[in-house]
Amino acid sequence: MDLGLTDEQKQLAESERSWLTRHDPIARIRAAADDVPITVDPAAVAHAAESGLLALLTPEAGGTHMDLAVLSEAHGHAASSLPLADLAVATWLLGEFGHAQSVDGGQGKLLFGLARGPVGLIERDALTLRGTTSPVPMAADMTGFAVVGETMTGEYLAVFRDAELTGMKTLDLTRSWARLNLDATVEEWTTLPAGTLGFVRDALAVHRGLDALGAAARLLAMTVTYAGQRQQFGAPIGSYQAVKHHCSNMALAVEAGRSTLWAAAVALDSAAQPARSRAASAAAAYAKAAASEVASTALQVHGGIGFTWEHDLHLFLRRIKVDEAFDGTVAEHRAALVPINGPAG
């Protein structure tokens with residue numbers, strides 16, 4: 001398995017990071033945090049649509065989850081509010097299973113969120129849903145939703161152009177989150193091949209882990225810079241062995257997490273179930289835990305300044321903690337790797 005990036009993927013990552021640097025999401029977050037809820041930057045939507053990033057996974061674009069992986073990390077690194085991976089997977093689903101017209105208006109600029117829905121009931125070819133979905137990032141900014149779930153006889157994809165939302169209060173200040181309240185008989189829906197729901201679940205877990213990884217990489221860079229600048233007893237704190245060890249452990253966690261997530265992204269593109277799900281759960285469990293540890297260490301190295309509202313550290317720490325909680329917790333992904341009856345003997 002080749003886990004290295006191609007030249008094209010390196011260029012894609014560099015280009016996206018460059019764009020995000022020029023259109024700094026942190027500046028928008030800071031401007032909105034005290035007054036109004038964060039919204040998706042219209043410039044980011046236009047950029048993603050015009051660059052073909054929203055349609056990256058469609059057959060026409062020919063992109064892969066490994067391509068999307070470098071973008072997911074870049075958006076986590078920048079604390080972007082645009083849920084690019086969710087949108088790309090939703091666009092792929094809608095195009096792959098006969099709802100391409102849902103994302104065709106406005107040259108792809110319509111945003112369709114992605115959610116995992118409740119168990120549905122099919123009666124006389126009508127799909128009835130009751131309950132709520134999994135958490136959806138930036139749901140209030142979406143013009144529609146692709147909801148995947150299962151019935152007693154199979155799996156479904158339902159399209160909602162209007163949905164009642166229940167906003168969620170989370171630690172995350174860089175994104176809003178909500179659940180869809182589904183209590184309706186759906187007119188626009190289709191059956192899905194067996195295993196599609198599992199694939200979507202794995203993809204969301206991997207890309208949520210990549211988002212956390214990007215935030216952790218940003219904290220690592222911030223911490224190394226701070227350790228080289230902050231002085232105690234006439235020397236940079238980065239010259240002390242204990243701080244060096246902290247930064248080394250952070251770097252190890254980021255690089256190891258990146259390796260596991262790249263392996264999982266490759267598995268999304270090429271491996272069959274159950275190997276794909278094992279790779280996704282192993283990567284999500286390790287990377288989410290590692291990102292959380294990086295955030296805690298970054299806070300420790302920064303000391304008092306890291307606890308302040310004005311410092312950006314808490315924005316990335318909060319984002320990592322919410323990534324850790326959604327689309328499978330560390331404990332849930334670890335449990336998925338353990339046989340039900342436990343190890344032999």
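Here are some numbered notes on this predicted model, written to be read alongside the structure.

1. **Ground rules.** Since this is a predicted model, local features need pLDDT of at least 70 and side-chain atom pairs count only at pLDDT 80 or more, while totals for chains, interfaces and linings use all residues. Residues are numbered from 1 along each chain as its sequence is written, and side-chain values use heavy atoms, with hydrogens and water left out.

2. **Two domains.** Start with the overall layout: the protein chain splits into domain 1 (7–192) and domain 2 (196–337), with bounds that come from an automatic or database domain assignment. Taken over C-alpha atoms, the centres of domain 1 and domain 2 are 22 Å apart.

3. Helices (H or I, at least four residues) and strands (E, at least two) are DSSP runs, numbered from the N terminus.

4. **Salt bridges.** The structure holds 15 salt bridges, and 6 are found across the interface of domain 1 and domain 2. The rule asks for a side-chain nitrogen of Lys or Arg within 4 Å of a carboxyl oxygen of Asp or Glu. One of them joins Arg175 and Asp323, with the closest N and O atoms 3.2 Å apart. This pair links distant parts of the chain: Arg175 sits in the loop between strand 7 (164–168) and strand 8 (177–186), Asp323 in helix 9, and they are 148 residues apart. Arg175 is buried at 5% relative accessible area, and Asp323 is buried at 0%. Buried means under 20% relative accessible area, exposed over 50%, and partly exposed in between (1.4 Å probe, protein chains only). Arg175 and Asp323 also belong to a salt-bridge network with Asp172, Asp211 and Arg319.

5. **Asp327 and its two partners.** The side chains of Asp327 and Arg208 meet in a salt bridge at 2.7 Å, N to O. Asp327 also has a salt bridge with Arg116, at 3.6 Å. Arg116 lies in strand 1 and Asp327 in the loop between helix 9 (313–325) and helix 10 (330–336), so this second pair ties together parts that are 211 residues apart in sequence. Asp327 is buried at 11% and Arg208 is buried at 5%, whereas Arg116 is partly exposed at 21%.

6. **Strand 6, an enclosed strand.** Why call strand 6 (residues 155–160) largely enclosed? Because 6 of its 6 residues are buried. In a regular strand the side chains alternate between the two faces of the sheet. In strand 6, Glu155, Leu157 and Val159 point one way, and Tyr156, Ala158 and Phe160 the other. Strand 6 pairs antiparallel with strand 5 (residues 144–150) over 6 bridges, and the two form a hairpin with 4 residues between them. Strand 9 (residues 189–192) is also antiparallel to strand 6, joined by 4 bridges. Strands count as paired if DSSP finds at least two bridges between them.

7. Most residues other than glycine have a negative phi, and most peptide bonds are trans. Met138 has a positive phi of about 55°, and so does Phe233. Buried or exposed? Met138 is buried at 0% relative accessibility, while Phe233 is exposed at 81%. Finally, a cis peptide bond with omega about 10° joins Gln273 and Pro274; Pro274 is in the loop between helix 7 (241–270) and helix 8 (275–302).
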